[in-house]
Amino acid sequence: MDNKLTPFGPDWDKVFEKLEANKAAGLELNTEEEELLKELQQIRTDATQAFKAYNTFDTNHKWAQLKQQIQPEHTDTNDKKKSQQIKLWLRISAAAAAIFIIVGIGLVLQKGNQHNKNIFHNDISAGINSATLTLDNGQKIILSNAKSGQLASESGILITKSADGEITYSIKNQTENAANKTNTLSTVNGQTYRLQLPDQSKVWLNAASSIKFPASFAGLKKRKVELTGEAYFEISKDKDHPFIVKTNQQEVQVLGTHFNINSYPDKQNTSTTLLEGSISITNEHKQQQLLKPGETTLVNNKEDILVSPADIKSIMAWKNGDFRFNEERIDEIMLKISRWYDIEVTYHGPISKEKFSGKISRDKNISEVLNMLSYSNAVKFIVEGRRVTVMQ
C-alpha cells in the first residue's frame with residue numbers, strides 16, 4: 001500500500017493491513033470483517049484518486065494561462081484607455097476569484113476526505129424528551145406515551161402533563177398523607193425531562209438521572225429531594241422551609257436560587273455550580289462550604305471541598321440543548337455523548353490525550369457530532385449499531 005496516498009493513520013493501517021493479509025492468506029473473515037475490509041478498500045481508492053487530482057493541479061500554469069487571457073489591448077484615445085483599464089481590472093478580479101474558488105473547492109474536498117476517515121454503518125438519532133414517573137403505589141407512567149392533561153391523583157395532589165411536556169404537581173384536596181407519598185422521575189440514556197415540584201420549584205433532568213421527592217411538601221420543615229445523575233434547579237423562595245438536594249457525596253441546602261448538580265455514579269466527583277443566590281454544601285465528612293454565583297465546587301471522598309470559577313456556558317450547555325466542549329479529553333466527551341445517544345463506547349488502541357473544544361446542537365445525529373470531533377485528525381470513529389469505536 002502506498003503510505004503517501006493512504007487516508008488512514010497508524011492504527012487504521014494496522015487493521016487494514018491485517019484484514020488484507022488474512023484475506024490473501026486464505027483465512028476466513030466473518031461478515032463484519034468482510035464489510036469493514038470493503039469499506040476501507042473503497043475509502044483508499046477514493047482517497048487515492050482525490051490525492052492524485054490534488055497533486056497534479058498546476059497552480060502556476062493555470063495562473064499563466066489566465067494572465068494571457070487578460071492582456072490589455074492598445075488604443076489611441078484616452079476614453080478607450082480608461083474603458084480598457086476598467087475592463088482589465090474586472091478581468092483580473094474575475095481571474096483572481098476563479099483561483100480562490102479552485103483553492104476553496106480543494107479545501108472542501110480535503111475536509112470531505114477527513115469525514116471519510118469515519119465509518120458509519122448506520123446513523124443514530126439524538127435523544128428525546130421522555131422519562132418514567134413512578135408513583136408511590138408503584139404505578140409507572142411512560143411520559144413520552146402519555147397525552148397532555150391529568151395523569152394521576154395522589155392524596156389530593158393532581159399530577160398533570162402540560163401541552164409542552166412539563167409534569168406539574170398541584171394541590172386539589174390535599175390530605176396529610178401526601179407528604180408521605182414518594183414519587184420518582186427517572187430518565188435513561190437518550191432522555192431528558194422537565195418537572196415542576198409541588199412547591200412550584202422547577203427541575204430539568206438530564207439523561208440517565210433520577211429524582212425522588214414527596215408528592216407534597218406541606219407539613220414538612222424541609223423540602224428534601226434525592227438526586228442521582230445531573231439536574232438543573234430553579235427553587236422557589238421559602239425562607240422558612242429550606243430546600244435540600246441529597247446526592248451520594250453531599251447535601252446542598254438553599255432558600256431560593258438557581259444551580260446545577262452533576263453527580264453521576266461513574267464520576268469520582270460531584271460538581272455543583274451556582275448561577276444566582278447562595279447555597280451551602282456539606283460533604284460526608286461534615287465539611288461545609290458556601291458558594292457564590294459563578295463558582296463551582298468539586299466534592300469527592302476527601303475532606304476538602306474544592307471551589308473554583310465556573311465555566312457556566314459549558315456546564316449549562318446540556319440544559320440549553322447543546323454540547324459545548326472546552327479543552328476536554330475525548331474520554332470525557334464520549335461519556336456525555338454515550339448518555340445522550342445511548343451508545344456503547346470502546347477504544348481501539350491508546351486513548352488520545354488531545355484536548356477538544358467546540359459547540360454543536362444536541363439535536364444533531366451522532367454522525368455530525370463525531371465528524372466535528374474528527375476534524376482535528378486526533379481521533380476517528382466506527383459506528384456499528386449502537387457501538388462506537390474510537391481510534392487515534
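**Burial, salt bridges and packing in a predicted model**

In this predicted model, the chain exposes about 21,700 Å², of which carbon and sulfur atoms supply 49%.

Q: What percentage of the residues in the chain are buried?
A: A residue counts as buried when its relative accessible area is under 20%. Applied to the chain, which has 392 residues, this criterion gives a buried percentage of 42%.

Q: How many helices and how many strands does the chain have?
A: The secondary structure of the predicted model is assigned from DSSP runs. On that basis the chain has 25 strands, and the number of helices is seven.

Q: Among contacts between residues at least 6 apart in sequence, what percentage join residues at least 24 apart?
A: Contact here means heavy atoms within 4.5 Å. Of the contacts in the chain between residues at least 6 apart in sequence, those that join residues at least 24 apart make up 51%.

Q: Which residue forms a salt bridge with Asp164, and how many residues apart in sequence are the parts that the pair ties together?
A: Asp164 forms its salt bridge with Arg194, and the closest N and O atoms are 3.1 Å apart. Asp164 lies in the loop between β6 (157-161) and β7 (167-171), while Arg194 belongs to strand β9 (residues 191-196), so the pair ties together parts of the chain whose separation in sequence is 30 residues.

Q: Which residues are linked with Asp164 in a network of salt bridges?
A: A search of the whole structure finds 12 salt bridges. Asp164 and Glu166 each form one with Arg194, at 3.1 Å and 2.9 Å respectively. The network that includes Asp164 also contains Glu166, Arg194 and Lys202.

Q: Why is helix α7 described as largely enclosed by the rest of the structure, and which of its residues are buried?
A: Helix α7 spans residues 366-374, and seven of its nine residues are buried, so the helix is largely enclosed by the rest of the structure. The buried residues are Ile366, Ser367, Val369, Leu370, Asn371, Leu373 and Ser374.

Q: Which side chain is joined to that of Glu230 by a polar contact of 3.2 Å?
A: Glu230 lies in strand β12 (residues 223-234) and is buried, with a relative accessible area of 7%. Leaving aside neighbours within four places in sequence, Glu230 is in contact with residues including Trp204, Asn262, Tyr264 and Trp318. The side chain that makes the polar contact of 3.2 Å with Glu230 is that of Trp318.

Q: Which residues have the most contacts inside the largest nonpolar core?
A: The largest nonpolar core has 40 residues, and its largest share, four residues, comes from β12. Apart from this core lies another, of 24 residues, with Ala207, Phe323, Ile333 and Ile343 among them. Inside the largest core, the residues with the most contacts are Leu185, Phe233 and Phe259.

Q: Which side chain is joined to that of Ser314 by a polar contact of 2.7 Å?
A: Ser314 is found in helix α5 (residues 312-315), and its relative accessible area of 13% makes it buried. Not counting residues up to four places away in sequence, Ser314 touches Arg324 and Asn326. The polar contact of 2.7 Å joins the side chain of Ser314 to that of Asp311.

How values were computed:
Residues numbered from 1 in each chain as written. Predicted model: local features only at pLDDT ≥ 70, side-chain atom pairs only at ≥ 80, totals over all residues. Heavy atoms only, no water. Salt bridge = Lys/Arg side-chain N within 4 Å of Asp/Glu carboxyl O. Helix = DSSP H or I, 4+ residues; strand = E, 2+ residues; numbered from the N terminus. Buried < 20%, exposed > 50% of the residue type's maximum accessible area, 1.4 Å probe, protein only. Polar contact = N/O pair within 3.5 Å; in protein donor to acceptor, adjacent residues only side chain to side chain. Core = buried A, V, L, I, M, F, W, Y, C linked by side-chain atoms within 4.5 Å. Areas by Shrake-Rupley, 256 points an atom, 1.4 Å probe, with all protein chains shown as cover.
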